[in-house]
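Open the model in your viewer and get your selection tool ready. We will take a short walk, one stop at a time.

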Amino acid sequence: MRISDALATQRPFFSFEFFPPKDDEGSLRLFESIAALAPLRPAFVSITYGAGGSTRIRTVALAKQIQAEIGLTVVAHVTCIGADRAELRAVFDDLARAGVENVLALRGDPPAGSVFQASPGGFAHASELIAMLRRNYGFCIGAACHPEKHLEAATIEDDLRFLKLKADAGADFLVSQLFFDNSRFFEFERRARAEGIELPILPGLMPITNFAQIQRFVAICGATIPPKLSVEMETRKGDARAVEDLGVAYASMQAIELLEAGVPGIHFYTLNRSPATRAIVSSLLAASAWRPAFAASPSTITSR
Ligand code: FAD
């Protein structure tokens, strides 16, 4: 199914991100997670593209496998890094032949400590990749957005201007970088709308299951951890269960507030693990947090 069609017919909308495993053990864990999360009927699962394009073959293979064997709608991530246009076309040809209908078109990050440089004969910005896709393929195209500004952007105004280029180039929907402060997402959404960006924006949440790991992620992506959350996490240091319990509770509260505010759905960064995401989505389904928002919306199509 095309994500744009799913967005028009399914509310709310849950989706789960996975990365291609490196070895047999990782593969086993991934497929156990997918089996645990599939009954929650995600609108799609997305498969990341390793840093520097390192998982190109595994991303495509996994996308094909999940779609063909498990029957879930797949969004395959593809980045511009380390490939020229012909190499990227080969990846998209392969995905199209396999019947994958949705891609997330990204620029990608340079290796740690270096500055991004476009590959010779490649693309410098995601908007260029999106424009190529729109001209040559029939994919439903997703793009990334950064509620707290992309780290390299000088200002949020610049970043929003470049986000508008992605919308104008033909993106169909946006998935946000992870964030822990909903007020920052709401402000970003307001500014994006003011910029004329009307695409559906899926907020991306990462339940905290390991605080040290999350601190590394936020250093890379620029997300802010609210001081109160940081303090509560620090006091649970050394008690992995307590950290995970708080992570699940906190992400559930974020999701409820977002759904009540009328976001189309929530995208979960699962890190290939199911328990936290399963607990959160199960509680959301039980609480039906979106009902008041969608009941008031003329665009409501269905509710579970
Ligand atoms: P772009 O939109 O190209 O923006 C990158 C920077 O360039 C920004 O600072 C922007 O303001 C600036 N810019 C954009 N256009 C112009 C222009 N015309 N002129 C000047 N400056 C411009 N990375 C992976 O390696 N693999 C993945 O699978 C992956 N999945 C992701 C999924 C999501 C939902 C998100 C949010 C990120 C993901 N990333 C992934 C990380 C992503 O590749 C990085 O955040 C990357 O640094 C930016 O990607 P982008 O597509 O937003 O880039």
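Which element gives the largest share of the shell around the ligand? Select helix 6: four residues of the shell come from it, the largest share. This is a predicted model, in which local features need pLDDT of at least 70, side-chain atom pairs count only at pLDDT 80 or more, and totals for chains, interfaces and linings use all residues. Residues are numbered from 1 along each chain as its sequence is written, and side-chain values use heavy atoms, leaving out hydrogens and water.

Next, show the side chain of Lys-166, where an N or O atom is 2.7 Å from an oxygen atom of the ligand (a polar contact is a pair of N or O atoms within 3.5 Å). Then pick His-77, with a polar side-chain atom 2.9 Å from a ligand oxygen, and His-125, with one 3.4 Å from a ligand nitrogen. The protein covers 86% of the 980 Å² of accessible area that the ligand has on its own (Shrake-Rupley method, 1.4 Å probe).

Now color the strands (DSSP E runs of at least two residues; helices are H or I runs of at least four). Eight of them form a closed barrel in the order 1-2-3-4-5-6-7-8, with parallel pairing (strands pair if DSSP finds at least two bridges between them). The twist averages 25° from one strand to the next, with axes fitted to C-alpha atoms and angles running from 0 to 180 degrees between N-to-C directions.

For a last stop, zoom in on strand 4 and strand 5 (residues 140-145), a parallel pair with four bridges. Click Val-103 and find Ile-141, its bridge partner in strand 5.

Terms used:
A polar contact is a pair of N or O atoms within 3.5 Å; within protein, one must be able to donate a hydrogen and the other to accept it, and residues adjacent in sequence count only if both atoms are side-chain atoms.
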